[in-house]
Amino acid sequence: MNFIEKLLDILSMDVAECPTSYGRLHLLFCAIVIGVTLFLSIRHKNCSDKKYRTIIGICWGIMFLFEVYKQIQYSCHTNGSTAYWEYKWYIFPFQFCSTPLYILPLVFLLPDGKVRDAAMSFTSLFALFAGLAVFVYPEGIFVKEILISIQSLTHHGMQIVTGIFTAVWARKRFNLKFYLKGLIVFAIMSAIAMTLNLTVQPAVEPNSFNMFYISPYRNSSLPVLSMIQPKVPYPVFLILYLVGFGLAGLIVYYAEFGSMVLANKLGKNKQNKEAI
């Protein structure tokens with residue numbers, strides 16, 4: 001093995017017991033995510049556009065570097081003193097939770113405008129929902145390779161941090177038109193995922209490629225959807241998937257919008273009491 005392969009072999013160390021849902025590692029990251037989100041949302045809610053871009057860029061950089069590590073680690077297979085490289089297509093980075101890797105650069109690189117607004121909407125609604133869903137129901141993200149488990153928790157935690165912070169920072173832009181822009185991004189990303197499923201999956205290892213878990217060639221492994229897909233025609237399943245995530249984004253929108261209205265009222269009441 002060369003130096004890189006030896007290093008990857010060391011970093012792929014297993015823990016005695018695989019981390020579990022709501023175990024110590026999971027709860028530790030829950031606390032970290034809550035703390036970072038509150039700090040950014042309170043301390044920097046009125047920060048300049050430049051600082052906002054910097055914060056989002058740093059979050060993306062952390063996610064990107066961890067993703068690169070995961071891709072390399074899963075591709076290098078060691079056995080004692082030997083190693084071989086083989087790509088595992090099931091980790092191809094275009095799942096729903098991978099979308100921030102492609103959307104966040106639009107947020108911190110593009111000039112202010114419709115496209116950036118759409119990226120911010122998707123980040124604060126759809127990507128946030130996906131991150132929250134994984135943290136609430138983290139089945140399948142924990143493995144004995146501790147750094148991979150940490151990568152998964154960090155990635156999904158950053159989805160929550162960037163999603164809520166973006167919603168707070170861009171609160172004055174919140175309206176149904178803002179939601180619709182995010183919905184368009186969701187539709188575009190879903191179309192890309194479907195295109196990949198139809199073109200790439202037939203050419204790679206069977207049952208190893210299912211972007212967004214909506215492939216017509218393989219049953220979804222997502223909760224609820226895994227029970228629906230075998231029981232209905234595929235077009236019906238796909239429609240239910242798209243409508244379901246569209247409604248999920250709308251629910252997050254109203255939850256965030258309602259929270260902002262409530263916070264604004266409480267702020268005004270506090271100011272009135274202080275004035276009296």
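# A tour by selection

Start with Val15. Setting aside neighbours within four places in sequence, Val15 touches Lys144 and Ile146. Look at its setting: Val15 sits in the loop between α1 and α2 (24-43).

Draw a C-alpha to C-alpha distance: 44 Å in space. In sequence, Val15 and Ala263 are 248 residues apart.

**Colour by confidence**

This is a predicted model. Switch to pLDDT colouring. The chain average is 92, and 95% of the residues score at least 70.

**The nonpolar patch**

Next, select Phe3, Ile4, Leu7, Phe64, Leu65, Val68, Ile72 and Trp85. Together they make a nonpolar surface patch of about 780 Å². Two helices, α1 (3-11) and α3 (49-75), each supply at least two of the patch residues. Which helix gives the largest share? It is α3, with four residues.

Zoom to Ile4, one of the patch residues. Ile4 belongs to helix α1. Its relative accessibility is 44%, so Ile4 counts as partly exposed.

**Arg53 and its surroundings**

Move to Arg53, in helix α3. Arg53 has a relative accessible area of 16% and is therefore buried, the cut-off being under 20%. Show what surrounds the residue. Beyond neighbours within four places in sequence, Arg53 is in contact with Val107, Phe108, Leu109, Leu110, Pro111, Asp112 and Arg116. Pick out Leu110 from that set. Its backbone oxygen lies 2.7 Å from a polar atom of the Arg53 side chain.

The Arg53 and Asp49 side chains form a salt bridge, 2.6 Å from N to O. How far apart are the two along the helix? They are four residues apart in helix α3, so about one helical turn separates them. Compare their accessibility. Arg53 is buried at 16%, whereas Asp49 is partly exposed at 27%.

**Other salt bridges**

The structure holds eight salt bridges. Stay on helix α3 and select Glu67 and Lys70. Their side chains meet in a salt bridge with an N to O distance of 3.7 Å. Glu67 and Lys70 are three residues apart in helix α3, about one turn. Are they buried or exposed? Both Glu67 and Lys70 are buried.

Finish with Glu86 and Lys88. This pair also forms a salt bridge, with the closest N and O atoms 3.9 Å apart. Glu86 has a relative accessible area of 36%, so Glu86 is partly exposed.

How values were computed: Residues numbered from 1 in each chain as written. Predicted model: local features only at pLDDT ≥ 70, side-chain atom pairs only at ≥ 80, totals over all residues. Heavy atoms only, no water. Patch = residues over 30% accessible without salt bridge, like charges linked within 9 Å, V, L, I, M, F, W, Y side chains within 5 Å. Areas by Shrake-Rupley, 256 points an atom, 1.4 Å probe, with all protein chains shown as cover. Salt bridge = Lys/Arg side-chain N within 4 Å of Asp/Glu carboxyl O. Buried < 20%, exposed > 50% of the residue type's maximum accessible area, 1.4 Å probe, protein only. Polar contact = N/O pair within 3.5 Å; in protein donor to acceptor, adjacent residues only side chain to side chain. Contact = heavy atoms within 4.5 Å. pLDDT = per-residue confidence, 0-100.
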